[in-house]
Amino acid sequence: MKNTFIAQNPSVLWFLAALGLFTFGVTMLSEVTGIGVISTSFVKTLGKTLCLCLIAIAMDVVWGYCGILSLGHFAFFGIGGYAVGMWLMYARTEGIVLESLTNQTIPPTPQEISDAIGNQIFGVVGSAEFPLIWAFADSLLLQLLMVVLIPGLLALVFGWLAFRSRVTGVYLSILTQAMTLALSLYLFQNDSGLRGNNGLSGLQNIPGFEATPQATISIIFFIASAAALAAGYVFFAWVVSGKMGSVIKGIRDNEARVRFLGYHVESYKLFVFTITAVVAGIAGALYYPQAGIINPGEIAPIASIYLAVWVAIGGRGRLYGAVIGAAFVSLMSSWFTGGGAPSIPVGSYTIEWTDWWLVLLGFSFVAVTLFFPKGIGGLFDYLVRKPS
């Protein structure tokens, strides 16, 4: 029993129990049950926060455990959102078009329907034709497959090129940031096929569930996000434990020594980089239907930098630390920028937290780096191990 996965990782059970209790509590206090203590909008905020916790875990594995400071993982997150958003927008627009054409004397041809859908979606950028990347937008199954395949293939190709060249350290971080910037700038163009700066909108309207209240849809996505977070936590806890985990952490601490011991370092790094990109894509696919919109700004390099800040504040090298950091910063951001934090008058000047939140986040990151290098999660280690 001492050698079982759970016995070696008791924190997994504690995390799953806490997450299950939290999910049950939010569900029971939501508007779905009629209690309504927690509003539908806040349920969506909590659901989005769970998705951010999932990508934070992925970031912690690639950076905190493997030592690869990737400044591009939010790009994979956005790609997952775009992949599922294409189907959501196509299916919803198709329903609207078909309903508007039902009263015509002559039934419309498939080409006329396709042209009408294309005009509705791409008219905002002065086009009416479907780009090649929308070839499978009418199939939910294929678009869900793209959520996994596109981030995975992009990470696989990029990682193979970078790791085989033995690019490490700050140079690798710059390369991942350059990849993210290039993708973001491309998506800002109207001819990218994804509506440029307008992005994809109306994603909260799920085709086939038009009569379902948003309160119910928000709970469904919240529970799905919690299930994905639980599965991701267990999976990554398995990845970073045992022999594989030892090799991964060895690469972080002393890559040359691990290579000298005969391990193919590039294969381990490529596996970690690719699998975390896939999980980031899944997290994005769950996040954006709750957010309702996605645009290229979501993939900008600054988003990946924020992700690294979350992990650092929570405590990198600890899966639960990544969850704590992402949840803490996400909820604080919603509170400060959503008007929850009261303004503070200072003489003739009034501090508006919507303007000062990023400054506060920056100071928090500096403070954690200087005084709590192990992050918030490290405080738990200190309390547990503190001598009586």
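This report walks through a few helices and residues of the structure above.

First, keep in mind that you're looking at a predicted model. Its mean pLDDT is 88, and 96% of the residues reach 70 or more. Among the elements, helix H10 (residues 265-291) has the highest mean pLDDT, at 96, while helix H14 (residues 375-385) has the lowest, at 69.

| Residue | Helix | Relative accessible area |
|---|---|---|
| Gly-85 | H4 (residues 73-101) | 0% |
| Ile-150 | H6 (residues 140-164) | 37% |

Gly-85 counts as buried because its relative accessibility is 0%, and the cut-off for buried is under 20%. Which residues does Gly-85 touch, leaving aside its neighbours within four places in sequence? Those contacts are Leu-200 and Leu-203. There's also Leu-194: this residue is 109 residues away from Gly-85 in sequence, yet their C-alpha atoms are 10.0 Å apart in space.

Ile-150 is another story: with 37% relative accessible area, Ile-150 is partly exposed. On the surface, Ile-150 belongs to a nonpolar patch together with Phe-136, Leu-142, Leu-145, Leu-149, Leu-153 and Leu-156. Together, the patch residues have about 570 Å² of accessible area.

Last stop, helix H12 (residues 319-337). Its 19 residues reach 27 Å from the first C-alpha to the last, close to the 27 Å expected at 1.5 Å a residue. Its buried residues include Gly-321, Ala-322, Val-329 and Phe-336. Just after H12 comes Gly-339, with a positive phi of about 90°.

Key:
Residues are numbered from 1 along each chain as its sequence is written. This is a predicted model: local features need pLDDT of at least 70, side-chain atom pairs count only at pLDDT 80 or more; totals for chains, interfaces and linings use all residues. Side-chain values use heavy atoms; hydrogens and water are left out. pLDDT is the predictor's confidence in each residue, from 0 to 100. Helices (H or I, at least four residues) and strands (E, at least two) are DSSP runs, numbered from the N terminus. Patches are made of residues with over 30% relative accessible area and no salt bridge: like charges are joined within 9 Å, nonpolar side chains (Val, Leu, Ile, Met, Phe, Trp, Tyr) within 5 Å. Accessible areas come from the Shrake-Rupley method with a 1.4 Å probe; for residues, only the protein chains shown count as cover. A salt bridge is a side-chain nitrogen of Lys or Arg within 4 Å of a carboxyl oxygen of Asp or Glu. Buried means under 20% relative accessible area, exposed over 50%, partly exposed in between (1.4 Å probe, protein chains only). Contact means heavy atoms within 4.5 Å. The expected span of a helix is 1.5 Å times one less than its number of residues.
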